[in-house]
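Me: I want to check the labels on this model against their cut-offs. Here it is.

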Amino acid sequence: MGILDTVFRDMAVTGGVFARCAYHGDWQMALEARGGQMLFHVIKDGGTEFELLPEHRRQRVSLATGDIVVLPYGDAHRLWRGESQPVIPKALAVPDLNRFTNLDDKKSGDPTVFLCGYYQLDQLRSHPLLRRLPRVMHIRAGHDAGQMASIIALIDREAHTSTDGSQTIMNRLTEPLLIYLLRAWTQQQQTPVGLLAAFADPVVSRALAAMHSKPEHRWTVAILGREARASRAKFAKRFQDLLGYGPIEYLKQLRMTRAMELLRDTRMPLARIAEQSGYESAAAFSKAFKKHTGLSPQQYQRGQLIAKR
């Protein structure tokens, strides 16, 4: 299993497509913030304007056929075509995300067709994969070798036909789509930063591989520098430049992500989870876990069990 495979396994990502919209002529749609989810829109046909809400943020993007806009932190936003009018954002409840809807206004005029989807991640805002992402990611059409376009075409076909089993297929396809979205975003940047860029860096990637293979090890910046085959200072600066924080902070987050996976997917004793997460005792682990998540390990585990029912 490669390091990126390990990251996606640990991050417990789930996703889905909640709407296929076909609007004609002038139209607009606004969605409230979804703090626990990433949101995305794929423009299949036509064009639309996009803007974050509230308006004082003034982050506006023109989207064309084949473009994708991703909101890593689920901010409130609107899409429209034609003359902009004040609009009240629609609240998206969990049932709205879990129930796919085909929205077609059946009007005349040139259509704008787009898919709306989401991702649910544990500890969304603090996850290492997302720490250097902007509030809005605009991925321009044609910025991949065709694999991402193939996945989107399959999702759109299922969305358009919407037959028995279509929602399951669409939801499953969103998981590999996330990797392609993040790859495309990283490749699109003139100076790539973030975890995917760090994985591609010959210095930082060696240290990341070491941490992911043994998160419980007593790593220091000096030891990680030796793993990276660089001086301590060079390694620390390169890590900070790519990820925006230091290697020990990354290690702490990695350990918490691994602990959440063990709590979620195993019935391992707390003392054993603490040991595999790099803590000397269950008490020290519990204190760090609650500081990080706001929940005790037992509360987190119970919540995951309820969510699976």
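Me: How much space lies in the largest pocket, and what makes it a pocket?

Reply: About 270 Å³ lies in the largest pocket. The model is predicted: local features need pLDDT of at least 70, side-chain atom pairs count only at pLDDT 80 or more, and totals for chains, interfaces and linings use all residues. Residues are numbered from 1 along each chain as its sequence is written, and side-chain values use heavy atoms, with hydrogens and water left out. A pocket is an open set of points on a 1 Å grid over the protein atoms alone, where a 1.4 Å probe fits, with protein on both sides within 12 Å along at least five of seven lines. The volume is the space filled by probe spheres set on the points, joined across faces, edges and corners.

Me: Which residues line the largest pocket nearest its centre?

Reply: Thr14, Gly15, Asn98, Tyr118 and Gln120, out of 11 lining residues. Lining means an atom within 4 Å of a point. Strand E1 (14-24), helix H2 (94-98), strand E9 (111-120) and helix H4 (166-188) each give two or more residues. Helices (H or I, at least four residues) and strands (E, at least two) are DSSP runs, numbered from the N terminus.

Me: What classes make up the lining of the second largest pocket?

Reply: Three nonpolar, two polar and four charged residues. Ala, Val, Leu, Ile, Met, Phe, Trp, Tyr, Cys and Pro count as nonpolar, Asp, Glu, Lys and Arg as charged, the others, Gly among them, as polar. The lining includes Arg131, Glu249, Lys252 and Lys291, so these four fall in the charged class. H9 gives the most, with four residues.

Me: Why is H9 called roughly perpendicular to H11?

Reply: They pack at an angle of about 100 degrees, axes 11 Å apart. Axes are lines fitted to C-alpha atoms over the stretch in contact, and angles run from 0 to 180 degrees between N-to-C directions. Roughly perpendicular covers 65 to 115 degrees. The angle falls inside that range, so the label holds.

Me: Which residues of H9 and H11 meet?

Reply: Gln253, Met256, Ala259, Met260 and Leu263 in H9 meet Phe285, Ala288, Phe289, His292 and Thr293 in H11. Contact means heavy atoms within 4.5 Å. By class, that is seven nonpolar, three polar and no charged residues.

Me: How do you know that E6 and E10 pair?

Reply: Pairing needs at least two DSSP bridges between two strands. E6 (residues 68-71) and E10 have three, in the antiparallel sense, so they pair. Valine 70 stands opposite methionine 137 in E10.

Notes: Angles under 35 degrees count as roughly parallel, over 145 as roughly antiparallel, 65 to 115 as roughly perpendicular and the rest as oblique.
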